[in-house]
Amino acid sequence: MTVNRTHVMIANSFGALGYFSAMIQWLWAFVIVGYPLISHDRLSFLLPKPSETPPPPSIEYGGFTPIVMIIAVIFTLCIIGLTIYALIRLPATIGRKGSIVTHHTASAITPLIAKKHTTKMQQRLLSYRLTWWVKASLVLIPLLALVFASAETGLDRQVVATVGGFCAVCSALYFLIQRAIQWRGKLPPADMW
């Protein structure tokens with residue numbers, strides 16, 4: 001059976017977007033739930049003490065010469081190029097790492113859930129299903145954690161729930177689109193992120 005690499009790439013792109021959205025959802029949950037820990041003076045011992053020294057006098061560097069402008073333009077173009085490269089590579093990197101985590105988690109859970117006399121095919125099918133349950137957990141756990149959001153954040157609970165819910169819906173939608181493409185294209189589970 002030949003596998004259409006384009007379908008695998010498209011499905012994995014949606015998987016990468018799902019992992020990226022789930023990562024943003026987890027960060028949102030950590031910030032909202034962990035806000036009481038980082039606010040007030042609970043972690044002030046980690047911060048440096050403010051100093052009373054006066055600011056240094058400003059130094060005048062003179063005008064811009066043409067060579068300085070050329071160097072500044074080249075430097076700016078390099079930074080823009082690196083930013084574009086990072087924005088292109090970031091979802092793929094997050095997708096691969098997220099895939100490794102979910103597949104390893106499913107592989108570690110499979111022997112605990114599987115019966116003693118299961119075939120390799122049954123274990124692969126169970127591992128595949130557990131991978132989807134791990135993805136569902138990645139979406140649901142931070143959403144449920146927002147129930148414990150503190151009122152100290154200064155944000156309305158509806159705003160907290162709306163942002164968390166939006167991230168959860170995006171993550172779930174991306175993972176479901178990935179699953180639909182896999183099912184429609186009859187793609188092997190081992191190729192899915």
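In the predicted model, glutamine 178 is located in helix 4. Its relative accessibility is 0%, and glutamine 178 is therefore classed as buried. Beyond residues up to four places away in sequence, glutamine 178 touches Ala11, Asn12, Phe14 and Gly15, together with Trp132, Lys135, Met192 and Trp193.

Two of these partners, Trp132 and Trp193, also belong to the largest nonpolar core. Two or more residues of the core are supplied by each of helix 1 (5-38), helix 2 (66-113), helix 3 (120-145) and helix 4 (157-185). Helix 3 makes the greatest contribution, with 3 residues. In soluble globular proteins, nonpolar side chains tend to be buried together. A separate core of 6 residues lies apart from the largest one and includes Ile32, Leu146, Ala149 and Val160.

The packing of helix 1 against helix 3 was examined next. The axes of helix 1 and helix 3 approach within 9 Å and cross at roughly 25 degrees. Since angles under 35 degrees count as roughly parallel, helix 1 and helix 3 are assigned to that class. The crossing of helix 1 past helix 3 is left-handed. On the side of helix 1, the contact is formed by Tyr19, Gln25, Trp26, Ala29 and Val33. Helix 3 contributes Lys135, Leu138, Val139, Ile141, Pro142, Leu143 and Ala145 to this contact. By residue class, the contact of helix 1 with helix 3 contains 10 nonpolar residues, 1 polar residue and 1 charged residue.

Lysine 186 lies in the segment after helix 4. Although lysine 186 is not a glycine, its phi is positive, at about 50 degrees. With a relative accessible area of 59%, lysine 186 is exposed, whereas glutamine 178 is buried.

Key
Residues numbered from 1 in each chain as written. Predicted model: local features only at pLDDT ≥ 70, side-chain atom pairs only at ≥ 80, totals over all residues. Heavy atoms only, no water. Core = buried A, V, L, I, M, F, W, Y, C linked by side-chain atoms within 4.5 Å. Buried < 20%, exposed > 50% of the residue type's maximum accessible area, 1.4 Å probe, protein only. Helix = DSSP H or I, 4+ residues; strand = E, 2+ residues; numbered from the N terminus. Axes fitted to C-alpha atoms, helices over the stretch in contact; angles between N-to-C directions. Parallel < 35°, antiparallel > 145°, perpendicular 65-115°, else oblique. Left-handed = near helix turned anticlockwise from the far one by under 90°. Contact = heavy atoms within 4.5 Å. Nonpolar A, V, L, I, M, F, W, Y, C, P; charged D, E, K, R; others polar.
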